[in-house]
Amino acid sequence: LIEKYNTEKIILMAHSFGTYAGLKAIQTYPELYSAYVGISQITNVRESERRIYLDLLRVCKKKKDVNGESLLKKNANNAKQLSNYYMKNVKGKLLKRYQLGLTRKQLPNYFLIQKIISFPLYNLKNKLDYCKGLMYSSKSLFPMVKDINLFQNSCDFKIPIYFIHGHYDYQISLALVNEYFKGEGLSVQVTLFCAGIGTLIFHFVSKRTVPAFLGSSFAFLGG
């Protein structure tokens with residue numbers, strides 16, 4: 001990427017499962033990156049899912065969703081095991097019902113694929129690789145990352161890092177991300193302020209160039 005875009009360093013942006021690989025990348029090769037941005041940062045997967053399960057129970061009770069509450073309780077063991085059935089048919093179903101996932105409104109199942117296919121910066125190979133990666137991510141990648149615990153294996157950061165997390169994003173526990181962030185000696189309030197200033201500086205310096213993006217199942221650098 002550095003050779004292709006003729007630059008000394010790149011800004012790495014990672015999302016979801018890709019945030020673990022992203023942190024490992026900046027830890028192993030800090031000289032290649034000028035900054036790191038983690039969206040829905042993975043910290044401790046099992047603890048995160050435990051908290052999200054409890055959060056969903058509270059949401060169902062608040063909404064008086066008896067069926068949703070019953071579904072969660074019936075699948076308590078599946079939730080502990082992080083089974084594919086629970087992740088897709090219980091957690092996924094409720095996140096979509098209450099708009100607590102990637103978006104705050106109901107969208108068709110094909111929405112994401114449609115956006116990828118129509119995105120002008122990706123060529124046909126990029127789009128096909130994304131679709132392949134998406135299938136690999138759900139079937140093979142999650143079993144590999146579900147035991148990750150960055151609280152036990154913390155990275156030694158040598159470059160600026162930023163975490164972005166939506167208030168209504170229940171894919172990853174926001175509270176846990178904040179705990180990890182504070183554990184690294186970083187003030188959330190100060191960092192948010194600096195992130196805003198840094199974003200403006202970034203857009204000015206890069207002339208709104210798209211940064212590197214490392215997602216759950218793919219990595220691209222837009223020009």
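Which residues of helix 3 are buried?

Analyst: The model is predicted. In helix 3, which spans residues 66-74, the buried residues are Gly 68, Glu 69, Leu 71 and Leu 72. They lie on the same side of the helix, because they cover an arc of only 160 degrees around its axis. The other side of helix 3 carries Val 66, Asn 67 and Lys 74, which are exposed. The cover over the buried residues includes helix 2 (45-62), helix 4 (76-81) and helix 5 (84-97).

At the N-terminal end, helix 3 is capped by Asp 65, with a side-chain oxygen 3.4 Å from the backbone nitrogen of Asn 67.

The largest nonpolar core has 42 residues, and Leu 72 is among the four that touch the most other members, together with Ile 26, Tyr 36 and Leu 56. Helix 2 gives the most to this core, contributing seven residues. Leaving aside residues up to four places away in sequence, Leu 72 touches Tyr 53, Leu 56, Leu 57, Cys 60, Tyr 86, Val 90 and Leu 94.

Of its 223 residues, 42% count as buried. Among contacts between residues at least 6 apart in sequence, 65% join residues at least 24 apart. The chain exposes about 13,500 Å², of which carbon and sulfur atoms supply 58%.

Methods: Residues are numbered from 1 along each chain as its sequence is written. This is a predicted model: local features need pLDDT of at least 70, side-chain atom pairs count only at pLDDT 80 or more; totals for chains, interfaces and linings use all residues. Side-chain values use heavy atoms; hydrogens and water are left out. Buried means under 20% relative accessible area, exposed over 50%, partly exposed in between (1.4 Å probe, protein chains only). Helices (H or I, at least four residues) and strands (E, at least two) are DSSP runs, numbered from the N terminus. The arc is that of the directions from the helix axis to the C-beta atoms. Contact means heavy atoms within 4.5 Å. A polar contact is a pair of N or O atoms within 3.5 Å; within protein, one must be able to donate a hydrogen and the other to accept it, and residues adjacent in sequence count only if both atoms are side-chain atoms. A nonpolar core is a set of buried Ala, Val, Leu, Ile, Met, Phe, Trp, Tyr and Cys residues joined through side-chain atoms within 4.5 Å. Accessible areas come from the Shrake-Rupley method with a 1.4 Å probe; for residues, only the protein chains shown count as cover.
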